[in-house]
Amino acid sequence: MKKVKTVYICTSCETQHPKWQGFCNGCGERGTLKEQTSGGSESKQTKPRVARTNVAVKRLLETNSSKSDRLVTSISEFNRVMGGGIVKDSLSIITAVPGAGKSTLLLQVSQDLASKGYKILYASGEESESQIKNRAERILPSIHENIWIHSDTSMNNVLGIIEAVDADVVIIDSIQTFVLEEYPSRPGSPTQTMECANAMLKVAKSAERPRAVMMVGQMTKDNELAGLRALEHLVDTVLVLDGEDGEELKQLSASKNRYGSTGEMGFFSMEEDGLRAIDNPSEFFITQRNEIVSGSALTVIKEGTRPIIVEVESLVSPTFTPYPSRIGECMRKDQINTLTAILEQRAGLQMLTQNVVIKTTGGIRLKETSSNLAVLMSIVSSYKGKGIPNDVVFIADIGLTGELKKVPTLEARIREIERMGYKKAYIARNALRNQSAFKNIEVIPCNTLAEVIDIVFNSTPF
């Protein structure tokens, strides 16, 4: 008895495949594979591939370049992260933990674009139409007539509605809840997710009628976009909205953007009437106080092209264990250990008997080395019990030798703190080309950490 063999044959080019997949390896057509059983050696052999000779090809030098048109919203922070607005024929996906505000942000974007004359289709597989209406009434001052909503999990129905409405912008919330009827698998499976995303890609990239498509993507418990990595490769832009449910501050960033920078970050405040763009995020990352307190120092970090003033707070206390604690919500433990070792060896502070806790106001992470001098000065301030004046900013890296190192885009950082009214900035010597360009702030170049400590605290070098 011959062994029964199952193969999948393309109805277009008759190419055989050992298992089912969404497209044919031979001709590239989708949804054309049909199951067929055969007996061992009697199974049909795959046709040899024939090279096509009439395929058009161009030199890169001779290819015309074009800049994609954008749908520019009135939400400045959203435009910043998107690279200036939503590209008209783009496919984007936004992900976040539950309750972070993904649907709220997309409803606000929908309202803004609808008021500019664009037709919006908001398709949800998670919420009913009444639930969407309730949220819209809560966060929008009025609901524009150019917004259409549809609650369903059938992508086939959504594709038909897109044509019926002739939507300019399509929002899918979320892509993991939709199914295409021609693929017999459950919602959220890799096959359904990828095929539904591919269907949206065809909608966005249509030569006859391009549309901007934005999809919501669910996030795993490891804070990653759910589904295959191929989903991230497929889309043009991947947006991540950070901020737990209940937190006021939300941060929007792009981990991928084919039409802009991935370094930009937008800041929003979650309020009762939705997300409000924060034009001056520094107000969330510093504490407004009249008195001077110990353990606090200011620095300037860069998020994309934007300089942001950040307050670093430290708490130094005696330890009662053989190994002192090093705790930091805003930076890695290894970084804290390195910085405290520099204080021990290069500044003479006895850190081996002290616990050190570091955090930033607003919880922003310190990813740049430009904040290292401010971190050390906040530790010294807490250690000595002496405060640093509120108009002083530290912008420098620290080497293992205790020497100050220059940081990138220093002029832009100093220009920002000068605009905000700060009076002194400590930097590395020879890090600034034209120190006289700043009239309203005193720029103090120093060689070493010990020199900065001596000047700030009016003491002799350690």
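**Salt bridges in this model**

The count here comes to 23 salt bridges, taking a side-chain nitrogen of Lys or Arg within 4 Å of a carboxyl oxygen of Asp or Glu. Keep in mind that this is a predicted model. Side chains of opposite charge can pair when their charged atoms come close. Here's a quick tour of some of the pairs.

**Around Arg-80**

- Arg-80 pairs up with Glu-77 in a salt bridge, at 3.9 Å from N to O.
- Those two sit 3 residues apart in helix 1 (residues 76-82), so about one helical turn separates them.
- Arg-80 also meets Glu-264 in a salt bridge, this time at 3.6 Å from N to O.
- Glu-77 counts as buried because its relative accessibility is 2%, with the cut-off for buried being under 20%.
- Glu-264 is buried too, with a relative accessible area of 10%.

**Lys-405 and Glu-403**

- Lys-405 forms a salt bridge with Glu-403, and their closest N and O atoms are 4.0 Å apart.
- Lys-405 is partly exposed, at 37% relative accessible area.
- Glu-403 also counts as partly exposed, with 37% relative accessibility.

Notes: Residues numbered from 1 in each chain as written. Predicted model: local features only at pLDDT ≥ 70, side-chain atom pairs only at ≥ 80, totals over all residues. Heavy atoms only, no water. Helix = DSSP H or I, 4+ residues; strand = E, 2+ residues; numbered from the N terminus. Buried < 20%, exposed > 50% of the residue type's maximum accessible area, 1.4 Å probe, protein only.
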